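Colleague: Could you take me through this model and tell me what stands behind each term you use?
Modeller: Gladly; ask away once you have it in view.

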Amino acid sequence: MQLLAETPPRTRAGARRAAWLWRWHRRAGVIASLLLLMLAVTGLALNHSEGLRLDKRAVGWDWPYALYGTSAAGSWKGFGAGAAWVLQAGEGRLFLDTREIGRCEGPITGAMVLREMLLVACERELLLLTPAGERIDALDATAGLPVPVAGLALRGDEALLLAAGQWQRFDADAMSLAPAPDADLQPLAPATPPPELLEALGRASGWLNWERFLLDLHSGRLFGRAGVLLVDVGGVLSLLLALSGVLMWASRQRRAQKPSSR
Amino acid sequence: MRSRALLRGVSLACALAFHAAAHAEEYLDRDQLLALAFPGGAAEQQTLWLNDALREKARAEVGLAPGTLRVRYWQSGARTAWILEEIGKEQPITLGIVVEAGHIADLRVMAFRESRGWEIRHDFFTRQFAGVGLDAGGKLDHPVDGITGATLSVNATDRAARLALWLARQADTRAAAR
């Protein structure tokens, strides 16, 4: 208050400029405050994502799924293998019906029943599983699997896989491959699982976890291009707030340092 | 000039960090490992099935069990070679481990998929495992120096080494029983 009392009077133009600056500083502050609040809360939560286990917790509400335009089911690629479905969500996670059974390197390219076992092919890994989904054995590029694996096919009781552009006969006992140049087959095609399975999977897999949801909310991507623009506007407003604040402070400091004309 | 050098340094560091984060590195494939492990080239592929009882035994004796029900290995005389995967932080690290007479003859990092901790692939780290066996408590009988910033990868290598030694012991027991 002492400082204000000793501050010399502004010129008329200076007073107009200061009033304009104050007005817009307040407006920008009000508009940006809600956005800043959201950014601060989501930013704090994301900063402690590991401790809060946000990446392990699925979002339980329905409306965020609608914002992703996928419903709770998400986007799945799968193959029918006997009575079961072998499906893959993002990041390589594999599911046998609704139960998560592990990971597979690369996108899933085929699955079939082979001698009462399940053979699952992904682009960079081949898995041999029990009917319950337990891993019997695996083969990847390091262990001699030609990659990429583009698909599986069944010829009689023999499994073949299309690996590195060539059909190979698969020996489940030795986990080995032998070229099958005579094979003229079509790889098994992925299929769409029934909607009720997809719905159940959406919940079971937790593909929409809190980390992803908050990250997309923080960046505005949850609301598409408009959301990103809104966050951009919030960023520009924050910049203006900081600049106008510094300008007002500097102006007051300058006037405080001038000798009073009274 | 100084700021330009600093900028170059920062750019190089960023590029290296991005490269390390973005790529899975494969250093050795199965055939190369077997050529190193069995210079004579006479190794035969064998299979060890791990039923529930054996898996339970592994957990009791070395504190962990393989992630698969069947483990393939290669054998020539008393020497066996194992390809095992252990998770570092989130991704599996593929290790090739050669065991002879209850001790590790050689250990190699075959593939590394994490963004950090790849330093374990260097000889200065892996050669520490040569001659190491299992003690009565299922731990390695020689201390292995860690690497700052690669603790999880070092721990994964330690687990894989213990498991390989345990598996080799089971393979020896099975061979002796035949």
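Modeller: Keep in mind that this is a predicted model.

Colleague: Which strands make up the open sheet of chain B, and in what order?
Modeller: There are six, ordered β1-β6-β5-β4-β3-β2, with antiparallel pairing.

Colleague: Why are β1 and β2 of chain B called edge strands?
Modeller: Because β1 (25-26) and β2 (44-49) of chain B each pair on one side only.

Colleague: Which elements of chain B does helix α2 lie across?
Modeller: Helix α2 (residues 30-37) of chain B lies across β3 (70-76), β4 (79-87), β5 and β6, running at about 140° to β4(B). Helix α5 (residues 151-177) of chain B packs on the sheet too, touching β2, β3, β4, β5 and β6. The direction of α5(B) makes about 140° with that of β4(B).

Colleague: How many residues of chain B are in contact with chain A?
Modeller: 14 residues of chain B meet eleven of chain A, where contact requires C-beta atoms within 7 Å. On the chain B side, α2, β3 and β6 each supply at least two residues. That side has four nonpolar, four polar and six charged residues.

Definitions and conventions:
Residues numbered from 1 in each chain as written. Chains lettered and ligands numbered in written order. Predicted model: local features only at pLDDT ≥ 70, side-chain atom pairs only at ≥ 80, totals over all residues. Pairing = 2+ DSSP bridges. Helix = DSSP H or I, 4+ residues; strand = E, 2+ residues; numbered from the N terminus. Contact = placed C-beta atoms within 7 Å. Axes fitted to C-alpha atoms, helices over the stretch in contact; angles between N-to-C directions. Nonpolar A, V, L, I, M, F, W, Y, C, P; charged D, E, K, R; others polar.
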